[in-house]
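Please find below a colleague's note on the model under review. The structure is shown first, and the comments come after.

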Amino acid sequence: MAFRLPAAALRPLRSSVLLKPVAQQTRWLATPTPFPVTQNMTRSRGPTAMVFLNMGGPSTTDEVGDFLSRLFADADLIPLGRLQNYLGPLISKRRTPKIQKQYAAIGGGSPIRKWSELQCAEMCKLLDQISPETAPHKPYVAFRYANPLTEHMYRQLLADGFGNGKGGRAVAFTQYPQYSCSTTGSSLNELWKWRQRLEGKAGPLDDGSDGTIKWSVIDRWPVHPGLVEAFAQNIEAKLQEYPPERRDKVVLLFSAHSLPMTVVNRGDPYPAEVGATVHAVMQRLGHVNPYRLCWQSQVGPQPWLGPQTQMSVEEYIAKGQKDLVLIPIAFTSDHIETLYELDEEVIGESGHKDTVKRVESLNDSPVFIKALADLAKTHLDSGIATSPQMSLRCPGCKSDRCHESKKFFAAQELA
């Protein structure tokens, strides 16, 4: 895969975003499991593990070094060729002191774990009510590069009574609404790797299955009505901060993390799915305001998908359009790209902080959490392991691991 360095490795957060004490952030699970679950303990199809997948971010300054080491070791995300095993550790080691200082300056960590654990736990509470036949629903979070790592999550699943010859069901629920091979795809590849290492064949059950965890995947949801409504409500709230006579003329700038053009040209579906989300939100808003889609977090010398968000803001201001609202359309919670890159760099350096604003992230929005529960219930009711779209590889895909991972998840047989 082509080079894609997340801005989380390069930028700090504001000090106001550390919303949970460090001691609380080091937990592996959103909600501790006081005792191992028993398969079919209360309902015919429960319990169900709900696993939120995301890239993650260092919760403390002590985690920055390990975070960068994992990030630069991932050839799917940052391909360094035959020198990956040499250059990856070298780059991460050289950058660690600088990045640690940045996180120390803002209070010591990313809020993405806090929001992921809260969102998953609250969604599971709703699922217990609306889908009792698959209850109890147990919340888990699996990050790609930071704690709680995918390996840790999987070992906790086994300790909690899933797998190990006991069977049970788990849903891998990506927290990227729009699918990309470098985000959701990489997380699923990592999940598949640890499944193969930690389970294999666990012995037969009475129903003839092999006793391993049965996985299904929610791989994308770019136009879910609840997601669209949550974005739209936050945009409407931000527009109220402008005088009535200027409100309809405010330009809405939807901003998503960019991709290298090598990834785009390989056939990655991310740009099209981001565009679908933007279109759905604008339909909900009645297309009152003018809008554009732009892209942030470009890193390195090669061509990336554009136009860049900061350049777009600068160009509009130069043209006399100073009323601008930034909307992080591919992020469902605050993290470094929203709190520092958009707030401090793009808006802070615009010279017009009074007229250039950012829409609040979804975070603990009740509308958004209800949407997550609705997505999960629809998926659980469907009996389908994966969407047809997930099993289709990019036209230019050459990754054997991607092929094997997709084949495994698509072949899961659910009770």
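1. Basis. The model is predicted; local features require pLDDT of at least 70 and side-chain atom pairs count only at pLDDT 80 or more, whereas totals for chains, interfaces and linings use all residues. Residues are numbered from 1 along each chain as its sequence is written, and side-chain values use heavy atoms, with hydrogens and water left out.

2. Overall make-up. The chain comprises 14 helices and 8 strands; these are DSSP runs (helices H or I, at least four residues; strands E, at least two), numbered from the N terminus. Of its 415 residues, 59% count as buried, where buried means under 20% relative accessible area, exposed over 50% and partly exposed in between, with a 1.4 Å probe and protein chains only. Among contacts (heavy atoms within 4.5 Å) between residues at least 6 apart in sequence, 81% join residues at least 24 apart.

3. Surroundings of helix 5. Gly161, which follows helix 5, has a positive phi near 105°.

4. Packing of helix 5 on helix 6. Helix 5 (residues 150–159) packs on helix 6 (residues 181–198) at an angle of about 45°, with the axes 9 Å apart. Helix 5 is therefore oblique to helix 6; angles under 35 degrees count as roughly parallel, over 145 as roughly antiparallel, 65 to 115 as roughly perpendicular and the rest as oblique. Axes are lines fitted to C-alpha atoms, for helices over the stretch in contact, and angles run from 0 to 180 degrees between N-to-C directions. Helix 5 contributes Thr150, Glu151, Met153, Tyr154, Arg155 and Leu158 to the contact, and helix 6 contributes Glu190, Leu191, Trp194, Arg195 and Leu198.

5. Ser182 belongs to helix 6 and counts as buried because its relative accessibility is 3%. Between Ser182 and Met55 there are 127 residues of sequence separation and 9.9 Å in space, C-alpha to C-alpha.

6. Helix 7. With 15 residues, helix 7 (residues 225–239) reaches 21 Å from its first C-alpha to its last, close to the 21 Å expected at 1.5 Å a residue; the expected span is 1.5 Å times one less than the number of residues. Its buried residues include Leu227, Val228, Phe231, Ile235 and Leu239. Among the elements covering the buried residues of helix 7 are strand 5 (251–257), helix 10 (270–285) and helix 13 (366–382).

7. Cis peptide bonds. Most residues other than glycine have a negative phi, and most peptide bonds are trans. Ala135 and Pro136 are joined by a cis peptide bond with omega about -5°, and Pro136 lies in the loop between helix 4 (112–130) and strand 2. A cis bond also joins Asn147 and Pro148, with omega about 0°; Pro148 is in the loop between strand 2 and helix 5.

8. Asn164 has a phi near 55° and is found in the loop between helix 5 and strand 3 (169–174); at 49% relative accessibility, Asn164 counts as partly exposed. Ser297 has a phi near 75° and sits in the loop between strand 6 (291–296) and helix 11 (309–318). At 1% relative accessibility, Ser297 counts as buried.
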